[in-house]
Amino acid sequence: MGETTRFGIMGCAGIARKVSRAIKLSPNATVVAIGSRSAEKAHRFIKENGLPENTQVHGSYESLLDDPDVDAVYMPLPTSLHLRWGVAAASKGKHILLEKPTALCVAELDQILQACEMNNVQFMDGTMWMHHPRTAKMHELLRHQHSDLFGQLKMVNSIASFYAKPDFLHDNIRVMPDLDALGALGDLGWYCIRFILWAADYYLPTTAVAFPNPVKNEAGLLLSCGASLHWENGTVASFHCSFLAHRTFEVAVVGSKGTLTLSDFVNPFDENSARFTFASESSFKELVDGWKPLPTNHVVSTELPQEACMISEFSRLVGAIKDGSKPEKKWPSISRKNQIVMDAVKDSIDKESKPVAIVG
């Protein structure tokens, strides 16, 4: 797998536990440092997550970025801090794996991406499902040698939700406007928009129209919302994201000849395998007493969980840069499109569901 990428983790957020495990599982990555505003918290994180005792502790984010033994930083900070620390990390020559949502708006993300480009560092966001082998298999059915089974994309529908407990709705950073001002749209809608863009081969829709009556907390932060997205050729997509509904991660992708569905698109039911269902040329039987042919169930196994696949791919790209290659532009481009659409949806919400043009 080539040279090992040495990670520093910036902050001890809950998701950092999952990613630190992913780094340990990845054959070409290792954790060498933890940065936290509390050295005690960093020491506890190292112990609780089984990291090596010689993992360096930094009592500030600045110190972490100054560590010459750190090649890349994983950044699970509140969204409001991404601009400051993303630019700072890139300026120090650190490759950046940035949690989603990447920024509060595309103007902020552009500053981070510009800093990455100027300093020849790799950027990738933390959308883990993109790296599961299931995603490649689904793409094969929709786009490659089996595209005759799916036809042209017509509709996508996505739901991402979980029923948050009262302590989450009161104390979690994802419901605090000064930390994560995008609320459910940023935390869950990001995934829905990403899947829609993936299904559309990253062709941007032309218009976003928010669903009316989004639910907000007392601070005005989004707890539940949704939108429809529209393309000039008539393709349409819709999504709903919520902290107030049962845990659901459903997607349906409908083409002129086929339909793809899955019920765990963000995080597979089983980390060792993932399922999806595909139907093509479906019709009713002669007496309308059943369907033919029946949909096929696909199971895609993986040796590494999707988050470790993400770490492995990111580390491979970092290793290639060390060997003289340029950073891979695919990942920042996808992140930017995700952010553009999310900005348009937020704008439509703020304008009481008026249509908003999406400009790339």
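## Two annotated spans

The end C-alpha atoms of residues 147-260 lie 12 Å apart, and this span is 24% helix and 42% strand. UniProt lists these residues as "domain: GFO/IDH/MocA-like oxidoreductase" in an unreviewed entry. Residues 6-124 are listed there, again as an unreviewed entry, under "domain: Gfo/Idh/MocA-like oxidoreductase N-terminal". Over residues 6-124 the chain is 42% helix and 21% strand, with 16 Å between the end C-alpha atoms. UniProt positions follow the numbering used here, feature names are shortened, and annotations may be inferred rather than shown by experiment. Helices (H or I, at least four residues) and strands (E, at least two) are DSSP runs, numbered from the N terminus.

This is a predicted model, in which local features need pLDDT of at least 70 and side-chain atom pairs count only at pLDDT 80 or more, while totals for chains, interfaces and linings use all residues. Residues are numbered from 1 along each chain as its sequence is written, and side-chain values use heavy atoms, with hydrogens and water left out.

## The parallel sheet

Six strands form an open sheet with parallel pairing, in the order β3-β2-β1-β4-β5-β6; two strands pair if DSSP finds at least two bridges between them. The edges are β3 (56-58) and β6 (123-125), each with a single partner strand, so one side of each has no neighbour in the sheet. From one strand to the next the twist averages 25 degrees. Axes are lines fitted to C-alpha atoms, for helices over the stretch in contact, and angles run from 0 to 180 degrees between N-to-C directions.

Strand β2 (residues 29-35) pairs with β3 in the parallel sense over three bridges, and Ala33 stands opposite Gln56 in β3. Helix α4 (residues 82-91) packs on the sheet and touches β1 (5-10), β4 (72-75) and β5 (95-98). Contact here means heavy atoms within 4.5 Å. The direction of α4 makes about 170 degrees with that of β4.

## Pocket and cavity

On a 1 Å grid over the protein atoms alone, a cavity is a set of points where a 1.4 Å probe fits but cannot get out; a pocket is an open set with protein on both sides within 12 Å along at least five of seven lines, and lining residues have an atom within 4 Å of a point. Grid points are joined across faces, edges and corners, and a volume is the space filled by probe spheres set on the points. The largest pocket holds about 1200 Å³ of space. Of its 49 lining residues, Gly14, Ile15, Lys100, Arg174 and Asp187 lie nearest the centre. Two or more lining residues come from each of α1 (14-25), β7 (153-163), α9 (183-199) and β12 (244-255), and α9 gives the most, with five. The lining has 23 nonpolar, 14 polar and twelve charged residues. Ala, Val, Leu, Ile, Met, Phe, Trp, Tyr, Cys and Pro count as nonpolar, Asp, Glu, Lys and Arg as charged, and the others, Gly among them, as polar.

The whole structure has one cavity of 30 Å³ or more. Its lining includes Trp129, Arg134 and Phe195, and helix α6 (residues 133-143) gives the most to that lining, with three residues.

## Backbone exceptions

Most residues other than glycine have a negative phi, and most peptide bonds are trans. A cis peptide bond joins Lys100 and Pro101, with omega about -10 degrees; Pro101 lies in the loop between β5 and α5 (106-118). Another cis bond joins Lys292 and Pro293, with omega about -20 degrees. Asn120, in the loop between α5 and β6, has a positive phi near 60 degrees.
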